Amino acid sequence: MRVLAAMSGGVDSAVAAARAADAGYDVTGVHLALSRNPQTYRSGARGCCTLEDARDARRAADVIGIPFYVWDLAERFHEDVVDDFVAEYAAGRTPNPCVRCNEKIKFAAVLDRALALGFDAVVTGHHARRDAHGRLRRSADPGKDQSYVLAVLTADQLAHSIFPLGDSTKAQVRAEAAARGLAVADKPDSHDICFIADGDTRGWLRSRLGEQPGDIVDGATGEVLGRHAGAYGYTVGQRKGLGLDRPAPDGKPRYVLSITPVSNTVTVGPAAALEVTTVYGDRPLWTGPSPVSVDVQLRAHGSVVPAQVTVSDGRLVAELARPVRGVAAGQAIVGYQPDPDGDIVLGSATISHATSLAGVA
Amino acid sequence: MTYLDHAATTPILPEALEAYLAASGAVGNASSLHAAGRHARRRVEEAREQVAAALRARPSEVIFTAGGTESDNLAVKGVFWARRAADPARIRVVAGSVEHHAVLDAVGWLESHEGATVSWLPVDEVGRIAPDALAEVLDDDVALVTAMSANNEVGTVQPVAELAALAAARGVPYHADAVQAVGQLPVDFAGSGVAALTVSGHKLGGPVGVGALLLGRDIPCTPLLHGGGQERDVRSGTLDVPGIVAFATAVEISVKAQEAFACRVGALRDELIDRVRAAAPDAVLNGDPRDRLPGNAHFSFPGCEGDALLLLLDAAGIACSTGSACSAGVAQPSHVLLAMGADEDRARSSLRFTLGHTSTQADIDALVAALPGAIERARRAGLTKSTRR
């Protein structure tokens with residue numbers, strides 16, 4: 001079986017490729033060049049898009065002893081991930097670019113090309129499992145589990161995906177990398193957003209969307225409490241960086257409750273007003289029954305909450321068993337069926353909005 | 001392995017390797033005055049005479065360098081600086097638009113950092129410069145003309161003698177990058193009228209990291225490397241005796257064998273072209289169909305990406321090239337093909353096969369056996385339009 005290993009230059013994808021080779025697959029390594037201008041992306045050890053990362057990936061492929069190429073997906077990445085990221089923020093939502101990248105790049109553009117070129121599957125270093133029935137499950141390492149960002153994959157995409165790291169912890173992966181002589185064994189984990197070099201998402205968005213001053217208003221009274229330089233700089237549930245000089249009457253902190261692009265308004269209020277009990281999702285991809293009682297996860301690395309999920313007419317509705325704070329439109333809602341061998345992903349959707357019993361949050 | 005990438009680098013000739021190993025066992029800096037130094041110096045000077053004789057230059061016109069890129073940079077920047085220093089009005093560089101990046105980017109650097117103005121010489125659909133185009137732009141403000149002897153990607157041979165004669169008539173030095181030409185085409189430095197000529201070792205069976213710039217005695221050239229004053233004070237640095245000796249051996253052998261090489265490898269190349277066309281009837285041969293390097297075959301395969309074909313042929317044990325690469329390994333559409341009027345699709349669908357002294361008919365057999373399957377898959381991958389839109 002010929003497989004294509006996507007190699008970011010990090011430790012996970014290097015070990016994944018090595019394990020695939022050990023398992024007897026005919027492995028070819030590919031590094032995805034995603035930046036139009038590699039120097040502008042996160043540099044050094046943290047990202048996956050720099051020349052250094054390409055070199056790290058190449059060196060890992062050399063050590064493993066597999067062919068290696070660089071595929072230029074910068075245009076696709078820019079259109080499908082970066083532009084989408086900007087548009088989503090402009091629309092008042094909080095996108096997850098890793099979900100989008102998996103959905104549009106790694107398991108779409110790359111997989112399609114691989115299949116056409118005669119490969120049978122794509123191997124990645126994601127911490128997740130695909131079981132014998134082709135179902136996606138959480139990783140054995142709950143802290144590193146990435147099933148949330150893979151839940152957008154269709155059954156067909158999953159059928160052509162191999163995740164060799166799913167049964168391992170990150171510590172095991174690092175130890176194995178060192179034992180294999182892979183220089184990336186100690187390379188720090190990548191986090192944040194690879195195309196925002198300095199991690200300043202708000203500043204990066206400002207450079208693309210420009211200053212768009214508007215009001216910060218009190219959700220209860222409608223009173224204007226302050227000004228903002230662009231509603232895109234805020235996320236539902238955000239507490240820090242509101243820049244309000246007047247404390248709330250009760251002295252408690254204020255949070256972003258909602259963002260309204262039409263009026264360019266950021267609405268704030270107390271933590272209690274963040275609580276939602278019903279979450280609505282668009283573009284559901286659901287393999288489980290409906291309605292069904294499951295655990296749902298509402299953000300990457302978030303905790304789960306039991307919910308009654310109904311999927312019908314291209315829409316997902318989740319009635320949460322208890323109120324949850326800080327649910328942001330644009331994030332994914334992922335349903336899990338608890339299981340001792342790794343919770344099973346039943347499906348996902350993109351959160352469109354959420355409501356509480358008390359009214360629209 | 002089927003090695004069809006001799007334009008990238010050639011297997012070292014056994015004689016060159018032997019010369020290298022023999023020379024590398026001896027101690028001695030060629031600039032030292034003692035016996036060991038004199039011995040090293042003698043080796044270098046014998047090599048210089050060998051290279052000069054093979055390329056019809058005077059020994060004093062041979063400047064040893066670390067290879068083609070250095071020679072190109074030295075000629076382009078060095079001659080520009082010296083000519084401008086002699087007359088500040090000389091700020092124009094005339095350059096071929098299908099040059100290797102060692103020339104292209106050196107010229108570009110002069111433009112962006114040294115205030116040079118550049119006239120890029122256009123090429124026709126086979127990649128050839130029309131001498132009239134040079135005649136049109138030659139003027140008193142021209143510091144130098146640089147245009148290659150033969151193209152490294154599509155193999156087209158340039159009318160160097162005509163171009164050099166036009167430049168000489170205006171008193172303008174002409175530099176020819178002859179990296180691909182030496183050993184494949186007759187090269188006559190004295191007879192060609194060029195002022196400077198780049199040669200590289202590893203393209204003709206010598207070691208990597210050594211080459212020469214043939215530089216006419218009366219051509220002013222400002223050094224890139226300052227130091228001990230070696231090589232006419234134009235190129236400082238301790239002389240690489242084993243590299244130079246092996247390089248000279250390879251130059252001598254490949255030039256002596258040039259006619260036979262052109263005959264044998266040219267026939268093999270013609271067979272490759274015929275059989276590739278039979279296997280892939282819609283393949284487009286790029287470059288001049290007749291007046292091209294004997295080892296070069298360069299095609300566009302409509303609907304395929306060169307990258308995909310390369311990967312698939314590599315998996316089948318066949319080494320070839322898309323003809324252009326950058327540091328990240330991401331192929332850009334070839335500036336050579338774009339200059340020839342090809343659209344981006346045709347440029348991206350191209351693949352170069354280059355034969356050399358070790359090539360045999362078995363190499364062609366292997367290629368045509370693997371090619372149809374590779375084309376079919378690459379075409380399917382091309383339809384997904386996965387890497388671009």
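Trainee: Into which domains is chain B divided?

Mentor: This is a predicted model, in which local features need pLDDT of at least 70, side-chain atom pairs count only at pLDDT 80 or more, and totals for chains, interfaces and linings use all residues. Residues are numbered from 1 along each chain as its sequence is written, while chains are lettered from A and ligands numbered from 1 in the order in which they are written. Domain bounds come from an automatic or database domain assignment. Chain B is divided into domain 1 (2-8 + 258-384) and domain 2 (14-256). The C-alpha centres of these two domains of chain B lie 28 Å apart.

Trainee: How many residues does the contact take from domain 1 and from domain 2 of chain B?

Mentor: Two residues are in contact if their C-beta atoms, placed from the backbone, lie within 7 Å. Here the contact takes 23 residues from domain 1 of chain B and 22 residues from domain 2 of chain B.

Trainee: Which element gives the most to the side of domain 1 of chain B that touches domain 2 of chain B?

Mentor: Helices (H or I, at least four residues) and strands (E, at least two) are DSSP runs, numbered from the N terminus. On that side of domain 1 of chain B, α9(B) gives the most, with three residues.

Trainee: How many helices and strands are there in chain A?

Mentor: Chain A has eight helices and 18 strands. Its C-alpha atoms fill a box of roughly 65 × 45 × 35 Å, taken along the principal axes.

Trainee: Is Pro289(A) buried or exposed?

Mentor: A residue is buried if 20 or more other C-beta atoms lie within 10 Å of its own, exposed if 12 or fewer, and partly exposed in between; C-beta atoms are placed from the backbone. Pro289(A) is exposed, because 12 other C-beta atoms lie within 10 Å. Pro289(A) sits in the loop between β12 (276-286) and β13 (292-297) of chain A. Of the 361 residues of chain A, 49% count as buried.

Trainee: Which residues of the largest nonpolar core touch the most other members?

Mentor: A nonpolar core is a set of buried Ala, Val, Leu, Ile, Met, Phe, Trp, Tyr and Cys residues joined through C-beta atoms within 7 Å. The largest nonpolar core has 136 residues, and those that touch the most other members include Ala5(A), Ile333(A) and Leu309(B). Helix α4 (residues 97-116) of chain A gives the most to this core, with nine residues.
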